[in-house]
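I opened my notebook today to get to know a new protein fold. Here is what I looked up, one entry at a time.

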Amino acid sequence: MKELILKEGVYQPSVGIDYPTDDPLTKLLPFKNVKNYVFDENFPYFDKSLKFRLNHAVAHFIVHCPLYIVNKLKYGMRYRGRDVLRGYKSQFKNGIITVCNHCYRLDGAAIAQLLHHDLWTPMLKEHINGEDSWSLRHFGGIPVPDTRAAMAKFNEAFDEIHERKGWINVFAEGRRWSFYKPLKPFMKGAFTMAYKYNVPIVPVCITFRERKGIYKYLGPKNEPLMTITAGHPIFPDRNNRRNLEVDRLLHLTHATICEMAGIEQNPWPAFWPNEAEVQRG
């Protein structure tokens, strides 16, 4: 593996976590099942029931009010790049796909707060059966199933979200390693979606700042303060062959977020094939 090299002045937190160096798909978070959802072809991946829609509204109130306050007070969250995105309003009319480094528990909420928009996020099915089941599901989390029949229903759900001009968020790294500075390799799903739906990728980057001042008393001393930034969108070229364009979008987005993070040399490659990716082609 290459050594991580940061631009001068870029802060790298030290939180006492022993991060893996050989497999970027290692799960560092324990899963505790509290629900027993079965994610087969009968599961409502895009739930249109009145009950879900009411809970969805409540979840978004929580994201944009209580959790906004938590991000501000606990992490001193700063929001950057909204002025950049305003210049692309017409290009976003059919939806976007955000790609962000996956680095702390409330990063999905922070992206929604940055964009002032609701998001639909594919995620590990274990999370939907876990302790945060209600909030993740009703905020817009859609579990990724295992079987071919269920995957067809999962894809249909995102087809309908796109038809409704919904905004999609994908944590392309696949696993959350809390407060990890390097950018792990990306999986292809977000970029395949961008090509399929012909919508732009919006790169989003969470960076870290030293905890100081009053924030020493408002959050864990070993956890950093944070800034979340949106960059200029990256548009798919539908005249290019799908596999070549997906590869271009992946590598360009990875390089862009590395640049936004102040990383001069990243220890991981842009892409790390895994069994699921290989099976889906």
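Predicted model: local features only at pLDDT ≥ 70, side-chain atom pairs only at ≥ 80, totals over all residues.

**Entry 1: the core.** I began with the largest nonpolar core, which has 42 residues. Which of them touch the most other members? I found Tyr 45, Ile 97, Val 99, Phe 158, Ile 168, Phe 186 and Phe 191. Then I looked up the elements that each supply at least two residues of this core, and among them are β3 (97–100), α7 (148–163) and α9 (242–260).

**Entry 2: a second core.** I also came across a separate core of 35 residues. Val 15, Ile 96, Phe 171 and Met 226 are included in this second core.

**Entry 3: Tyr 45 up close.** I went back to Tyr 45 and set aside residues up to four places away in sequence. Its partners include Phe 39, Arg 137, Ile 142, Pro 143 and Phe 154.

Entry 4: Tyr 68, Ile 69, Leu 73, Ile 214, Tyr 217 and Leu 218 make a nonpolar surface patch of about 640 Å². I picked Leu 73, which sits in helix α2 (residues 66–75). Its relative accessible area is 46%, so I noted Leu 73 as partly exposed.

**Entry 5: Asn 129.** I found Asn 129 in the loop between α5 (125–128) and α6 (133–139). Is Asn 129 buried or exposed? Its relative accessibility is 8%, so Asn 129 counts as buried, since the cut-off for buried is under 20%. A polar atom of its side chain lies 2.9 Å from the backbone nitrogen of Tyr 37. Leaving aside neighbours within four places in sequence, Asn 129 is also in contact with residues including Lys 32, Val 34 and Phe 39.

**Entry 6: Lys 51.** This residue belongs to helix α1 (residues 50–64). Lys 51 is exposed, at 65% relative accessible area. I checked its distance to Leu 29, 22 residues apart along the chain, and the C-alpha atoms are separated by 30 Å.

**Entry 7: two positive phi values.** Phe 179, in the loop between β6 and α8, has phi near 60 degrees. Asn 198, in the loop between α8 and β7, has phi near 55 degrees. Each is a positive value in a residue other than glycine. Phe 179 is buried at 7% relative accessible area, whereas Asn 198 is partly exposed at 43%.

How values were computed. Residues numbered from 1 in each chain as written. Heavy atoms only, no water. Core = buried A, V, L, I, M, F, W, Y, C linked by side-chain atoms within 4.5 Å. Buried < 20%, exposed > 50% of the residue type's maximum accessible area, 1.4 Å probe, protein only. Helix = DSSP H or I, 4+ residues; strand = E, 2+ residues; numbered from the N terminus. Contact = heavy atoms within 4.5 Å. Patch = residues over 30% accessible without salt bridge, like charges linked within 9 Å, V, L, I, M, F, W, Y side chains within 5 Å. Areas by Shrake-Rupley, 256 points an atom, 1.4 Å probe, with all protein chains shown as cover. Salt bridge = Lys/Arg side-chain N within 4 Å of Asp/Glu carboxyl O. Polar contact = N/O pair within 3.5 Å; in protein donor to acceptor, adjacent residues only side chain to side chain.
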